[in-house]
Amino acid sequence: MSLSHKRQTREIITKAICGKGRKFSTATHTVTPPHHPTSILGAWIINHQYEAVAAGNGIEVIGTYDVNIWYSYDKNKQTEVAKETVSYVELIPLSYLDPRHRASTAQVSAEATQEPNCVEAGVSPGGGSVTLRVEREFEAELVAETKVRVYVSDQSDDLEDKDYDFDGESFDYDDLDPDALDDEL
């Protein structure tokens, strides 16, 4: 079977990354321990758990982590560790989103590129609680079915003589031309 035109294209339906986003955020938490703290001896975060869900034109990361605060009280005569579980919802906007993806096939995922980390802890001015500043960062992807258009040639060139460079620069989603995709999927 020969091609009727010298140049033709075909459409291939494939799963592809159709959306990407990244977000760095800072959160402030207040923990009230059972005793009035005199000073903070240490603060750390453990047991971080999260999941990603689609949310409009972004991805929501819903998670929890445990905050542990080692503090002294009774004028630095005794110490104790206060523990509290913190819940959060982080909306990650997608810097790139292919509007022509098949929404019914979308799957989202997120990865903590910086696990929640306490960067500052101090006794509040009233002295009855501890204020923590936590930093965290997530990267998210949306994978779905989409169409890719490929060039079809009727030339039977010897492909072994061709020189292909597949080690070029990494692909940037900002370089995609959404007008090159079909309006219908």
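Modeller: This is a predicted model. The protein chain has zero helices and seven strands. Along the sequence the pattern reads β-β-β-β-β-β-β.

Biologist: Which strands make up the open sheet, and in what order?

Modeller: The open sheet has three strands in the order β2-β3-β4, paired antiparallel. β2 (37-55) and β4 (78-93) are at the edges with a single partner strand each, so one side of each has no neighbour in the sheet. On average, neighbouring strands of this sheet are turned by 15° against each other, direction ignored.

Biologist: How many bridges join β3 to β4?

Modeller: 16 bridges join β3, residues 58-73, to β4. Within β4, E84 is the bridge partner of V67.

Biologist: Switching to the inside. Which residues of the largest nonpolar core touch the most other members?

Modeller: That core has 24 residues, and Y65, V67, I69, L132 and F138 touch the most other members. At least two core residues come from each of β1 (7-31), β3, β4, β6 (107-123) and β7 (130-153).

Biologist: What does L132 touch?

Modeller: Leaving out residues up to four places away in sequence, L132 touches a list that includes A27, V31, A43, V67, I69 and C118.

Biologist: And the chain as a whole: what percentage of the residues is buried?

Modeller: Buried residues are 30% of the 185 in the protein chain. The chain exposes about 12100 Å², with 46% of that supplied by carbon and sulfur atoms. Among contacts with a separation of 6 or more, 78% are between residues 24 or more positions apart.

Conventions: Residues are numbered from 1 along each chain as its sequence is written. This is a predicted model: local features need pLDDT of at least 70, side-chain atom pairs count only at pLDDT 80 or more; totals for chains, interfaces and linings use all residues. Side-chain values use heavy atoms; hydrogens and water are left out. Two strands pair if DSSP finds at least two bridges between them. Helices (H or I, at least four residues) and strands (E, at least two) are DSSP runs, numbered from the N terminus. Axes are lines fitted to C-alpha atoms, for helices over the stretch in contact, and angles run from 0 to 180 degrees between N-to-C directions. A nonpolar core is a set of buried Ala, Val, Leu, Ile, Met, Phe, Trp, Tyr and Cys residues joined through side-chain atoms within 4.5 Å. Buried means under 20% relative accessible area, exposed over 50%, partly exposed in between (1.4 Å probe, protein chains only). Contact means heavy atoms within 4.5 Å. Accessible areas come from the Shrake-Rupley method with a 1.4 Å probe; for residues, only the protein chains shown count as cover.
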